[in-house]
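Hi,

Here is the structure I promised to pass on.

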Amino acid sequence: MKRSLDGGKTWSSLQLLVNDAGNTCGNPAPVVDRDTGIVWLLFTKNRGDIAEPDIMRGHGTRDVWVMSSADSGVSWSAPVEISDSVRKEGWRWYATGPCHGMQSSDGWLVIPCDHSTSPEQADYFSHIIASRDHGKTWEALGVIPGGFTNECSIVELSDGRWMLSMRNYFGVHRRAISYSSDNGKTWSKPRIEDNLPDPVCQASVLEYKPGGDAQGGILFSNPASDKRERMTLRLSRDDADSWSASRVLHSGPSAYSDLVNLPDGLIGCLYERGEENPYETITFARVNLAWLNQGNQ
């Protein structure tokens with residue numbers, strides 16, 4: 001990890017959080033508990049000599065771990081495995097995030113996840129895990145019905161519903177959306193969002209909190225194309241039913257992203273970008289609402 005103490009203008013040197021002797025440690029998904037100030041970081045581990053296709057075929061496991069920091073990332077607790085409480089029988093591939101989680105209005109810590117039950121795309125499923133006791137214990141909640149969805153990002157809407165924005169394999173190059181009205185216990189059948197182009201890629205959704213009396217909304221970032229290019233930032237004022245502002249951060253190759261609220265109403269977007277391929281650099285963009293509103297839908 002790296003830390004910034006000035007809203008993303010400058011960054012510390014790299015800090016090593018987990019090292020497991022050649023094994024894969026990844027899919028970090030952080031969430032901050034606003035009541036305690038503790039940063040919770042969930043992630044997954046698997047043997048380094050196997051990859052996603054192997055695990056989807058039932059060879060080896062993908063395990064879920066959690067660690068925490070009480071000093072904004074200066075120091076971290078030792079990782080603790082929580083697979084038994086968040087991975088159900090028959091689940092093979094497993095991924096936390098890779099995106100931030102959220103804390104719901106009633107205090108639950110929620111992490112968007114996905115899993116597979118076979119090697120088939122039809123058996124990819126988005127789901128969430130949550131802690132109701134400020135990170136002491138974690139549990140798996142509802143699974144999005146129907147299959148064909150995996151990497152997802154979660155946000156709470158103004159009416160209290162939770163919304164998942166999901167990467168999917170429906171063959172339409174659009175985002176899929178699902179809603180829960182019971183704190184993630186059950187989820188609606190996924191709906192295709194025709195106005196959100198997506199190349200089957202991870203994306204990020206976030207409640208925009210500008211501070212003061214300024215109006216908030218929902219932010220969304222992804223490569224808005226049928227291939228991994230055109231990293232685009234959007235803002236909705238009506239709970240993601242439509243997008244009142246949209247602007248391209250980088251028109252060239254781009255891929256994964258994550259969003260954060262910064263001081264003074266600024267928006268931060270960390271994303272992959274390049275000139276020849278999307279994975280040449282990792283960029284942190286800092287933009288204000290005026291910049292975003294200058295764009296076209």
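This is a predicted model: local features need pLDDT of at least 70, side-chain atom pairs count only at pLDDT 80 or more; totals for chains, interfaces and linings use all residues.

Residues are numbered from 1 along each chain as its sequence is written, and side-chain values use heavy atoms, with hydrogens and water left out.

**Cores**

A nonpolar core here is a set of buried Ala, Val, Leu, Ile, Met, Phe, Trp, Tyr and Cys residues joined through side-chain atoms within 4.5 Å. Buried is under 20% relative accessible area, exposed is over 50%, and partly exposed is in between (1.4 Å probe, protein chains only). The largest core has 16 residues, and L42, I82, V86, Y94, I111, I129 and W138 have the most contacts inside it. At least two of its residues come from each of β1 (24-32), β2 (39-46), β3 (63-69) and β7 (109-116); β7 gives the most, with three. Strands are DSSP runs of E with at least two residues, and helices are runs of H or I with at least four, numbered from the N terminus.

Another core, of 15 residues, lies apart from the largest one and includes L233, L235, L259 and Y271.

**Backbone**

G97 and P98 are joined by a cis peptide bond, with omega about 0°. P98 is in the loop between β5 (94-96) and β6 (102-103).

Two alanines have a positive phi. A21, in the segment before β1, has a phi of about 45° and is exposed, with a relative accessible area of 72%. A240 has a phi near 70° and sits in the loop between β16 (229-236) and β17 (245-261), but A240 is buried at 2%.

**Rings**

There are seven aromatic pairs in the whole structure. Rings of Phe, Tyr and Trp (its six-membered ring) pair if their centres lie within 6.5 Å; planes under 30 degrees apart are stacked, over 60 edge-to-face, and the rest tilted. W91 and Y94 are tilted, with centres 5.9 Å apart and planes at 45°. W91 is buried at 12% and Y94 at 0%.

F220 and W243 are also a tilted pair, at 5.8 Å and 45°. F220 is in β15 (217-223) and W243 in the loop between β16 and β17, so this pair ties together parts that are 23 residues apart in sequence. F220 is buried at 1%, and W243 at 6%.

Finally, the charged end of K45 sits over the ring of W65, 3.9 Å from its centre, and that of R161 sits over the ring of Y179, at 4.7 Å. The test is NZ of Lys or CZ of Arg within 6 Å of the ring centre and within 35 degrees of the ring normal.

Cheers
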